[in-house]
Amino acid sequence: MVSFAICLVALVIGYFTYGKFVEKVFGPDDRVTPAIAKSDGVDYIAMPNWKVFLIQFLNIAGTGPIFGAIMGAKFGPSSFLWIVFGCIFAGAVHDFMVGMLSMRNEGASLPAIVGRYLGSKAEKAILFFCVFLLMILGSVFVYSPAEILEMFGGTTAMWVIVIFLYYIIATLLPIDKLIGRIYPLFAIALLFMAVALVVVLVLKWPSIPELWDGLGNKALTVDSSFKDQLFPCLFITIACGAISGFHATQSPLMARCLKSEKMGRPIFYGAMITEGIVALVWAAVSSYFFYGDPTPGYTMFEATKELGLSTSAPKVVYLMCEDWLGMIGGILAVLGVVAAPITSGDTAFRSARLIIAESLHFEQKGIRNRLLICIPMFLACLALLFWQIGNPDGFNVVWKYFGWANQTLAVFGLWTLTAYLVMNDKPYIITLVPALFMTTVCSTFLFVSHQAFGMSETVGYPLGVAVLFAFYGWFHVWHSRYVKYKGK
């Protein structure tokens, strides 16, 4: 628990120190924001800062910092370090810079930002990649909460229809009519759950693995069948809470609602730090559940005594909240594993609508234009949903590729931000290092993970290092040519 306390303090200090430095690098000013200049009553709407913060937090969070942290905690206390360093030096920088660049480019979506700094070919590639990722996420976040709601009555198909109808309404309505009213309430509930768990952690002060106990793959010490390697799998498993490419599709949504650039650090950097705190809390709770000393937490529950590390993330959430927080905890747990993914799903579809509209130069003020984009988009999603329902392993297949695609999108975002900083004579090292690291993570995952190519470590790891040097070499050549061209 000492490691948890140190890491918690580190996240807060990171916001006030490194966050301030990154803000200074970008240089927010008093220019008119897109929320004012392009106000359309649908997507470009100036909203109160507190509301924008809560919506941004819930947009980027969902169940990510909960489920990802639970699964990542299986690796041991190394998960604490990834959450802290990943959040401060990569994730929060990524979210802040994308949000600010969106404001500087009239509320542009990620593909348009990529196109401006990496070229039209990269823009087309990331346009397809973004829409593909958002469609997968949207379909996953219809199916997973529907399965949970089935336990309370009805069928999965019935709940899929109910959730899908909500998605259609939320995607089409102006952002302040539905999302702007209910999201802050869900965000507060998610934060209340995290604060309540912190209080219980402090009162109980359970004995959990500390950083100085070793940073190796702890799961292998208790379960030899555990196949995931700490590197790179930990860095794919814990995305939300450290760094997530999905966030780059969400920050522009709130960039269209901010009244001042100077609120960028509290909104974008601050929401990511808050998400990191939530992830850290759940990593600590899960460390107790899987590795508590002298008895792991899962032995308290009949339903999980025989499962151990195999206990599903939703079950961990429900059991620990109900046990530690009572009836209120049980309600919050259900809210977390049902409402949170739904609220990520609807903004995923909203982002997809806006990205497609932007690429087609299709204004979205009129309902007719919104429908012309949404109808084929939702039909495609329905086809994917029917496939998931009809395929016993459909959800796992879709989720497996979402995890890698999510972090790969973060790679695109970080390289775009690096190009922007180079072109504007700013210290590009702040995004270059995370870009190189995440490039290596994603490429190595493809090589060695049993979920991808499944190469031996003696082959896969050297290939990952080769990719690292290849990308650094590419950047060095591009940077040298750019400096030479600019000097003419």
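Which residues in α6 meet which residues in α12?

A: Happy to. This is a predicted model, in which local features need pLDDT of at least 70, side-chain atom pairs count only at pLDDT 80 or more, and totals for chains, interfaces and linings use all residues. Residues are numbered from 1 along each chain as its sequence is written, and side-chain values use heavy atoms, with hydrogens and water left out.

From α6, the residues are Ser78, Ser79 and Trp82, and they meet Leu230, Leu234 and Phe235 of α12 (contact means heavy atoms within 4.5 Å). Sorted by class, this contact of α6 with α12 holds 4 nonpolar residues, 2 polar ones and no charged ones. Here Ala, Val, Leu, Ile, Met, Phe, Trp, Tyr, Cys and Pro are nonpolar, Asp, Glu, Lys and Arg are charged, and the others, Gly among them, are polar.

Now for the geometry. Helix α6 covers residues 78–104 and helix α12 covers residues 230–237; their axes come within 11 Å and cross at roughly 55 degrees. The helices are DSSP runs of H or I with at least four residues, numbered from the N terminus. Axes are lines fitted to C-alpha atoms over the stretch in contact, with angles from 0 to 180 degrees between N-to-C directions. The two helices are therefore oblique to each other (under 35 degrees is roughly parallel, over 145 roughly antiparallel, 65 to 115 roughly perpendicular, the rest oblique). The way α6 passes α12 is a right-handed crossing, that is, the near helix is turned clockwise from the far one by less than a right angle.

There is a further detail on the α12 side. The peptide bond from Phe231 to Pro232 is cis, with omega near 10 degrees, and Pro232 sits in helix α12 itself.

α6 also has a contact with α1. Helix α1 spans residues 2–16, and its axis lies 10 Å from that of α6, at an angle of about 0 degrees. α1 and α6 are therefore roughly parallel to each other. On the α1 side you will find Ser3, Phe4, Cys7, Ala10, Leu11 and Gly14, which meet Phe80, Ile83, Val84, Cys87 and Ile88 in α6. That contact of α1 with α6 has 9 nonpolar residues and 2 polar ones, with no charged residues.

Two backbone details elsewhere may interest you while the model is open. Asp293 and Pro294 are joined by a cis peptide bond with omega of about 10 degrees; Pro294 belongs to the loop between α14 (264–291) and α15. Trp205 is not a glycine, yet its phi is positive, about 45 degrees. You can find Trp205 in the loop between α10 (179–204) and α11 (219–222).
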